[in-house]
Amino acid sequence: MSRRRLPPLNALRAFEAAARHGGFTRAAEELGVTPAAVSHQVKGLEDVLGLCLFRRLPRGLELTEEGQAYLPDLSRGFDRLARAGERLREGGLAGRLTVSVLSSFCANWLAPRLPDFQAACPEVHLRMFSENRFADFNRDGIDMAIRYGRGIYPGLRAIPFLAEEVFPVCAPSLLNGPLPLRGLADLRHHTLLRSIDETAGEPWLYWRLWLAAEGIEGVAPDGGIGFTDGSALVQACLAGVGVALGRTALVEDHLRTGRLVRPFAGLSRPADFSYFAVAPAANLENPRVACFIDWLRATGVPACLADEG
């Protein structure tokens with residue numbers, strides 16, 4: 001095996017910290033040395049590489065093109081070293097797993113099933129961050145995320161674990177009430193509950209497509225009540241406020257218990273989106289991440305999609 005020719009580790013750490021913090025002072029605080037020592041280490045690295053990594057400006061540092069190209073691989077390398085040390089210290093599955101998950105999915109599908117995971121992997125200490133914004137894995141200390149989409153997340157691996165269907169749902173009280181639901185045309189007598197984030201959502205969650213596909217007129221697709229949160233929409237549906245377009249993951253438990261029903265038997269469409277476990281490729285080597293993803297795939301309905309990322 002040929003000998004690796006690496007720059008001094010302290011110089012690499014100094015450059016990576018200075019690049020992250022945008023200056024020598026905060027990098028020095030992180031590393032426990034003086035700003036002059038950080039500057040000296042960075043200058044030594046530039047000499048070894050024969051490249052200028054920073055432009056020294058009056059108000060701080062600016063990465064050169066060479067520095068910008070060097071930083072991502074170096075940061076990933078340090079991240080992997082840190083994770084390897086953590087796995088060694090904690091031993092196998094024992095330790096913390098931090099998961100960023102969509103709040104509606106966590107409340108309606110994931111949380112009720114977590115006792116099964118705890119029984120299977122009691123050594124894993126889960127931390128669930130319920131949020132709709134996309135995770136910043138490095139900044140927020142996130143190990144993996146669960147997202148709903150097409151599986152295209154640049155720079156990340158996306159593993160499908162739950163395919164879905166979309167179909168109308170309502171409370172049983174609306175099914176045989178004074179204005180019974182027999183077909184989509186009967187929706188003109190009921191309140192439509194709908195998602196309103198059309199730019200980012202599953203296309204079949206919008207009544208406009210359903211009404212057009214079935215040739216239904218006289219029903220205003222943008223009327224009724226709009227929701228940005230899937231859990232709030234489900235709660236309104238459970239309360240009998242109106243008729244919603246339900247996704248399998250958010251309503252299947254309520255259908256099983258009879259709290260919701262499908263008024264139009266057989267009327268369903270495969271969702272264009274699926275649920276994915278998303279993480280940087282290096283994080284998939286974490287045994288806790290691998291264990292949780294294996295459990296998700298065994299618990300969910302496998303999506304007929306290839307891994308992407």
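Predicted model: local features only at pLDDT ≥ 70, side-chain atom pairs only at ≥ 80, totals over all residues.

The partner of Arg-55 is Glu-62, and the two form a salt bridge in which the closest N and O atoms are 3.0 Å apart. Glu-62 is likewise partly exposed, because its relative accessibility is 37%. Behind such pairs stands a general idea, namely that side chains of opposite charge can pair when their charged atoms come close.

The structure holds 12 salt bridges, and a second one to find in the model is that between Lys-43 and Asp-47, whose closest N and O atoms lie 2.9 Å apart. Where do Lys-43 and Asp-47 lie? Both belong to helix 3, which runs over residues 35–49, and they are 4 residues apart, a spacing of about one turn of the helix. Lys-43 has a relative accessibility of 43%, so this residue counts as partly exposed.

Another salt bridge brings together the side chains of Asp-222 and Arg-208, with 2.8 Å from N to O. This pair links distant parts of the chain, for Arg-208 sits in helix 8 (207–213), whereas Asp-222 sits in the loop between helix 8 and strand 9 (225–227), and the two residues are 14 residues apart. Asp-222 is partly exposed with a relative accessible area of 47%, and Arg-208 is also partly exposed, with a relative accessible area of 34%. Elsewhere, salt bridges that share partners join Arg-113, Glu-252, Asp-253 and Arg-256 into one network.

We can now turn from pairs of side chains to a pair of helices. Two packed helices are described by the angle between their axes and the distance between the axes. For helix 5 (residues 103–120) and helix 9 (residues 230–238), the axes come within 7 Å and cross at roughly 50°.

Which residues meet where helix 5 and helix 9 are in contact? From helix 5 come Ser-103, Ser-104, Ala-107 and Asn-108, and they meet Gly-230, Ser-231 and Val-234 of helix 9. Sorted by class, this contact has 2 nonpolar residues, 5 polar residues and no charged ones.

Methods:
Residues numbered from 1 in each chain as written. Heavy atoms only, no water. Salt bridge = Lys/Arg side-chain N within 4 Å of Asp/Glu carboxyl O. Buried < 20%, exposed > 50% of the residue type's maximum accessible area, 1.4 Å probe, protein only. Axes fitted to C-alpha atoms, helices over the stretch in contact; angles between N-to-C directions. Contact = heavy atoms within 4.5 Å. Nonpolar A, V, L, I, M, F, W, Y, C, P; charged D, E, K, R; others polar.
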